[in-house]
Amino acid sequence: MSQQKLGPSAVWALVLTGAAGFMAALDNLVVTTALPALRADLGGKLEDLEWTVNAYTLTFAVLLMFGSALGDRFGRRRLFTAGLAVFTAASAAAALSPGTGRLIAARAVQGAGAAVMMPLSLTLLTAAVPAARRGTALGIYGAVTGLAIASGPLIGGSLTEHISWQWIFWLNVPIGLALIPLARLRLAESTAPDARLDVPGTLLVSGGLFGIVYGLVNADAHGWTSAPVLTGLLAGSALVGVFVHHGFRNANPVLPMRLFRDRGFFGINFAGLLMYLGMFGSIFLLSQFLQGVAGYSPTEAGLRMLPWTGMGIVVAPLAGILSDRIGGRPVVVAGLALQALGLACFALVLSPGVSYAAQLPALVLSGIGMALYFAPASHVLMSTVAPGDQGTASGTNNALREVGGALGVAVLASVFSARGGYRSPQTFTDGTVPALWIGAGAVALAAALALLVPARATSGQAPATAAALAAKIPAAH
């Protein structure tokens, strides 16, 4: 195997894209342990807390593939730098927010910046690194973003407890300000001249998903049969339906529906959506349970989440070896089944006086399950499409998982508010337990859908291009 060393340009690309990826990945979960402090300081209701999380994930999801296409069309370095600038400015705006409305708006802009920054970071990295060393470089990039996800609740909790919640956003500002000029100086520009933008498709899916999530988030406050909720759900569903039709009929859609005709592609993508629905929605509630009911400080809550969020550091390498030996499908299915079992264990043991020791088996099961799923999921995804479609397949998969996360927070919080609330530790538990059962059911259904994936990946579909190589690393999870 070639021992070709990374040159200065490749090292700079790895450092710059890795730092940008860390920031974008961190902001997916960094706010979870700060939610009680945000609620106390800004006076937000449950739906405000939901939007604080969902405003980021939703704009990130719906603009992810559009952001990549913008870079291909107008210059990847130029758009990467612009996305980084937008993300940095929005982080400062979030830190300065005097109320939940402005915070939610800033989080939405943050997500838009990340949606441009993240996919282009992988394209820029693979273009800068020699072919013989791309696997190593992408492995380092994946480890950095994985570390961001694992440490998100802990970093958010520590900053909230020891400084203030504003510092979970201020943290991004000096890093972003340092990266912007370095990116302009050290990254090479490139374009894809034939790239086309699907503006109608982006508008359809953005409006549709916003309507559905708006309806779910506001259902408890306004009632399921109220005009705003029904309008959001029905109009949103209609727009998504038109988007699906657009994806079949348009020559260059942002989400090509023809790929879903393959049962393996359909299975692994919707398994990812349902897994994120159960996982994100559960973390949203459990991070608040650890503080509001169990009485832990934000830092203590973040530390106690590590058996779940940080398990991938230990398990993922073993899962990769296992998937090479027996195929990715059984590892993915086992991971999803363990994640579902972990959430079910949470639902069984949760009570106002539950000890951490009683919660630990559920945390460990969920962590092992999540790691077993993530390690082979990208390879399983790539095995379902031709090499020329791998970049699109990765963008589709990441977008659907982010949509699942946004829906998970909305759906599980809606169940929580209907069955319980913040009035007392008992009402919080009463609302959380049925929500966790919904989350466990969603992940169990994901395990069943993953069975649609072919038993073994085909060896003839290894990535052949820089974009395809980049697609093997999922964005920000």
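User: Is threonine 427 buried or exposed?
Analyst: This is a predicted model. Threonine 427 sits in helix α18, residues 425–450. Buried means under 20% relative accessible area. Threonine 427 has 15% relative accessibility, so the residue counts as buried.

User: Which residues does threonine 427 touch, not counting residues up to four places away in sequence?
Analyst: Contact means heavy atoms within 4.5 Å. With residues up to four places away left out, threonine 427 touches Gly420, Gly421 and Tyr422.

User: How many residues are in the largest nonpolar core?
Analyst: Phe80, Phe284, Trp308 and Leu336 have the most contacts inside this core. Helix α11, residues 263–292, gives the core its largest share, 16 residues. Apart from this core lies another, of six residues, including Met311 and Ala319. The largest core itself has 141 residues.

User: Which residues is leucine 336 in contact with, leaving aside its neighbours within four places in sequence?
Analyst: Leu336 is among the residues with the most contacts inside the largest nonpolar core. Neighbours within four places in sequence are set aside. The contacts of leucine 336 are then Ala271, Met275, Gly369, Tyr373, Val443, Ala446, Ala447 and Ala450.

User: Are α1 and α3 oblique or roughly parallel to each other?
Analyst: Helix α1 covers residues 8–29, and helix α3 covers residues 46–74. Their axes are 9 Å apart and pack at an angle of about 130 degrees. Roughly parallel needs an angle under 35 degrees, and roughly antiparallel needs one over 145. α1 and α3 are therefore oblique.

User: Is the crossing of α1 past α3 left-handed or right-handed?
Analyst: On the α1 side, the contact is made by Ala24, Asp27 and Asn28. On the α3 side, Tyr56, Thr57 and Phe60 take part. These residues divide into three nonpolar, two polar and one charged. The crossing of α1 past α3 is left-handed.

User: Are α3 and α4 roughly parallel or roughly antiparallel to each other?
Analyst: Helix α4 covers residues 76–95. The axes of α3 and α4 come within 8 Å and cross at roughly 150 degrees. Angles over 145 degrees count as roughly antiparallel. So α3 and α4 are roughly antiparallel.

User: How many charged residues does the contact of α3 with α4 have?
Analyst: From α3 come Tyr56, Leu70, Gly71, Asp72 and Phe74. They meet Arg76, Arg78, Leu79 and Phe87 in α4. By class, five residues of this contact are nonpolar and one is polar. The number of charged residues is three.

Definitions and conventions. Residues numbered from 1 in each chain as written. Predicted model: local features only at pLDDT ≥ 70, side-chain atom pairs only at ≥ 80, totals over all residues. Heavy atoms only, no water. Core = buried A, V, L, I, M, F, W, Y, C linked by side-chain atoms within 4.5 Å. Buried < 20%, exposed > 50% of the residue type's maximum accessible area, 1.4 Å probe, protein only. Helix = DSSP H or I, 4+ residues; strand = E, 2+ residues; numbered from the N terminus. Axes fitted to C-alpha atoms, helices over the stretch in contact; angles between N-to-C directions. Parallel < 35°, antiparallel > 145°, perpendicular 65-115°, else oblique. Left-handed = near helix turned anticlockwise from the far one by under 90°. Nonpolar A, V, L, I, M, F, W, Y, C, P; charged D, E, K, R; others polar.
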